[in-house]
Amino acid sequence: MVDRLANSEANSKRIAVVEGCFGAAGQPLAIPGRVLIGEGVLTKLCRKKPKARQFFLFNDILVYGNIVIQKKKYNKQHIIPLESVTIDTVEDEGDLRNGWLIKTPTKSFAVYAATATEKSEWMNHINKCVSDLLEKSGKLPSSEHAAVWVPDSEASVCMRCQKIKFTPVSRRHHCRKCGFVVCGQCSEKKFLLPSQSSKPVRVCEFCYEQLSVGQPGVPSGFSVRSDSYSHSSNKFCGNNVSDDEDEDDSSD
């Protein structure tokens, strides 16, 4: 069905509409063989709080952006090649339900659908697209994934030293290796993680020591949040943050 739609006029028009919604700031999306599979609003678990984002699933990429005007205008376009994507379900807990993790070597995060049926459809379509791409290319599924960042509201004190309390003066930072919320003292070091950046990025002291001695990664006891994320419903309230803010805009 995808091959039949690839060169259809209807598919071309749908992709053109998506390009138009992102405007001049978005990248061109129309290339030979690309098909728009589906679209919808998902709740993305961001650093500060959960936020609605518009997602577009193509047969080779996943695109999402901030909603400026529903169905008319989006900004801050992000494009994720599906070849590098793996997904894992997130168990329901609290107010956020019907979720799953989207994991890539560069960036990983959790999203939530409005219903269980919608979640199932998204996950099935994404898995099918990834499977088809890997079959055509002969590549193996990606085995390296960036950590899912723990939301700021999950940590009132540093998750490493367990001593420093976060205040307007003592800021929260994120380790790019394990995703933990850590204090400045516990994350003074930087390390080159080529899949995430061409420059050294902030890592916590624990991960820095592991990386420096050539270990393949953080011990499983500390990396579990990359694959299985839990939360409590009362931890996502009270954040005075504009809807434009996202962890994508943060250098910490």
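Me: What makes the second largest pocket a pocket, and what is its volume?
Reply: Its volume is about 430 Å³, meaning the space filled by probe spheres set on grid points joined across faces, edges and corners. On a 1 Å grid over the protein atoms alone, a pocket is an open set of points where a 1.4 Å probe fits, with protein on both sides within 12 Å along at least five of seven lines. This is a predicted model, where local features need pLDDT of at least 70 and side-chain atom pairs pLDDT 80 or more, while totals for chains, interfaces and linings use all residues. Residues are numbered from 1 along each chain, and side-chain values use heavy atoms, without hydrogens and water.

Me: Which residues line the second largest pocket nearest its centre?
Reply: Lining residues have an atom within 4 Å of a point. There are 20 of them, with Val-2, Ile-37, Asn-59, Cys-129 and Asp-132 nearest the centre. H3 gives the largest share, 6 residues.

Me: What makes Phe-55, Leu-82, Trp-100, Ile-102 and Ile-126 stand out in the largest nonpolar core?
Reply: They touch the most other members of this 21-residue core. Such a core is a set of buried Ala, Val, Leu, Ile, Met, Phe, Trp, Tyr and Cys residues joined through side-chain atoms within 4.5 Å; buried means under 20% relative accessible area (1.4 Å probe, protein chains only). H3 (a DSSP run of H or I, at least four residues) supplies the largest share of this core, 7 residues.

Me: Which residues does Leu-82 touch?
Reply: Beyond four places away in sequence, its contacts include Leu-57, Ile-126, Cys-129 and Leu-133, where contact means heavy atoms within 4.5 Å.

Technical notes
Helix = DSSP H or I, 4+ residues; strand = E, 2+ residues; numbered from the N terminus. Buried < 20%, exposed > 50% of the residue type's maximum accessible area, 1.4 Å probe, protein only.
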